[in-house]
Amino acid sequence: MFGAAPIAGLFTPVSEETAAATLAAAWAAGIRAFDTAPHYGVGVSERRLGSFLAGYPRDTFTVSTKVGRLLVPAAGDVQGEEGFYDIPALTRVRDYSRDGVRRSLEESLERLGLDRVDIALIHDPDDFMEQAAGEAYPALASLRDSGAVRAIGAGMNSASALAWLVERCDLDCVLVAGRYTLLDQSAAEALFPVCQRRGVAVLAAGVFNSGILAGPDGGGTYDYAPAPPAVLARARRMRDACARHGVPLAAAALQFPLRNPAVTAAVVGARSPAEISEDVSYLSTHIPDALWAELETLLPGERDGFGPHVVLVDPPPVDQLAA
């Protein structure tokens, strides 16, 4: 699944032309599922994605967007706000109420130029969990019942918070970011068992932990901040193990979450056609069993504060990125 945050100027500006070329490269690679949100570039991601998809029949692609943040005029400079650049003078207001959810989805549809989205996710309700379960979820469930959306769920960084929602709400899917990677497997203990028990699909995002697993040579970021020394050292040991087998670390990082039977698809962001080509090549890279075995010895355990140790299983077909 294509993650459409980077094309909205995450960390650095991205031109309209580059965004369109990146989406075209994703489509040419066979990717037909796209994840966006009002939060990404305060609407820029949705507008750019919608403009691109306008050239294709509606039944040929899947779109996921999110609710919980409404966009309103900003009073001051917004460049760099929450990591996005070259964005309009808008800011985000949290709203997980029934009316807020409906308004959010209506405004997303307008930006996307669509009459429906396939998946609607409650976005980052960490400080609004009761309202998310008591108001946002019923609003989305009603929209699902009416056919306005096909599937509903939640998207968060916190695996335990997602598990709390899965236990209380009839969700179809969850998007968990950065909590099932080579550096953090906390979702395997906190989230996956309840999802499997309740038949909830898992979309694994943040597979590179915001950058460090794409290349730790120059330091790198971990969870959107400079990587701590212990994390950086572990990532470099993993990089060296991969190098001994002729495999890029990023390939192992991308394929790792797809090896778990609880995971339905990976959500991977890109900001250029070159990054699309790299990601597709990573997905098709052969990773020998010997490397997986070596990486297993390098996975963080609970004593490290990164989450539980897990056992690797046989990988699924390599078309999961295009799911």
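Visitor: Why does F11 count as partly exposed?
Guide: This is a predicted model, so each value here is computed from it. F11 has a relative accessibility of 43%. Buried means under 20%, and exposed means over 50%. The value of 43% lies in between, so F11 counts as partly exposed.

Visitor: Where is F11 placed?
Guide: F11 is in the loop between β1 (2-3) and α1 (16-28).

Visitor: What is the phi of F11?
Guide: The phi of F11 is near 75°. That is a positive value in a residue other than glycine. Most residues other than glycine have a negative phi.

Visitor: Which loop holds D223?
Guide: D223 sits in the loop between β10 (221-222) and β11 (225-226). Its phi is near 55°, again positive, and D223 is not a glycine.

Visitor: What makes D223 count as partly exposed?
Guide: D223 has 30% relative accessibility.

Visitor: Why is V174 called buried?
Guide: V174 has a relative accessible area of 0%. The limit for buried is under 20%, so V174 is buried. V174 lies in strand β8.

Visitor: Which residues does V174 touch, not counting residues up to four places away in sequence?
Guide: V174 touches A154, L162, V166, L191, C195, V200, A201, V202 and L203. Contact means heavy atoms within 4.5 Å. A further pair involves V267: V174 and V267 are 93 residues apart along the chain, and their C-alpha atoms are separated by 12 Å.

Visitor: How do you know that W27 counts as buried?
Guide: W27 has 12% relative accessibility. The cut-off is under 20%, so W27 counts as buried. W27 is in helix α1.

Visitor: What does W27 touch, not counting residues up to four places away in sequence?
Guide: W27 touches R32, F34, F52, L53, Y56, T60 and F61. Two of these names, F52 and L53, return among the buried residues of α2.

Visitor: What makes helix α2 largely enclosed by the rest of the structure?
Guide: Eight of the 10 residues of α2 (residues 44-53) are buried, so this helix is largely enclosed. The buried residues are V44, S45, E46, R48, L49, G50, F52 and L53. These residues pack against α1, β2 (33-35), β3 (62-67) and α3 (98-112).

Visitor: Why is R58 called buried?
Guide: R58 has a relative accessible area of 16%. That value is under 20%, so R58 is buried. R58 is found in the loop between α2 and β3. Leaving aside neighbours within four places in sequence, R58 is in contact with L114, R116, V117 and D118.

Visitor: How far are the C-alpha atoms of R58 and D145 separated?
Guide: They are separated by 20 Å. Along the chain, R58 and D145 are 87 residues apart.

Visitor: At roughly what angle do the axes of α9 and α10 cross?
Guide: The axes of α9 (residues 249-258) and α10 (residues 273-284) cross at roughly 65°. They come within 8 Å. The crossing is right-handed.

Visitor: Which residues make the contact of α9 with α10?
Guide: From α9 come A250, A251, L254, Q255 and L258. From α10 come D279, Y282, L283 and S284. By class, six are nonpolar, two polar and one charged.

Visitor: What is the volume of the largest pocket?
Guide: Its volume is about 1,100 Å³. Of the 43 residues that line the pocket, A5, P6, L10, S210 and Y224 are the closest to its centre. β7 (149-156), β8 (173-177), β12 (263-269) and α10 each give two or more residues to the lining. α10 gives the most, with four.

Visitor: How do the residues of the lining of the largest pocket divide?
Guide: There are 19 nonpolar, 12 polar and 12 charged residues.

Visitor: How many residues line the second largest pocket?
Guide: It is lined by 13 residues. M1, T62, I119, L203 and T264 lie nearest its centre. The volume of the second largest pocket is about 160 Å³. At least two lining residues come from each of β6 (117-123), β7, β9 (201-205) and β12. By class, this lining has nine nonpolar, two polar and two charged residues.

Technical notes
Residues numbered from 1 in each chain as written. Predicted model: local features only at pLDDT ≥ 70, side-chain atom pairs only at ≥ 80, totals over all residues. Heavy atoms only, no water. Axes fitted to C-alpha atoms, helices over the stretch in contact; angles between N-to-C directions. Left-handed = near helix turned anticlockwise from the far one by under 90°. Nonpolar A, V, L, I, M, F, W, Y, C, P; charged D, E, K, R; others polar. Buried < 20%, exposed > 50% of the residue type's maximum accessible area, 1.4 Å probe, protein only. 1 Å grid on protein atoms, 1.4 Å probe; cavity = no way out; pocket = protein on both sides within 12 Å on 5 of 7 lines; lining within 4 Å. Points joined across faces, edges and corners; volume = space filled by probe spheres on them.
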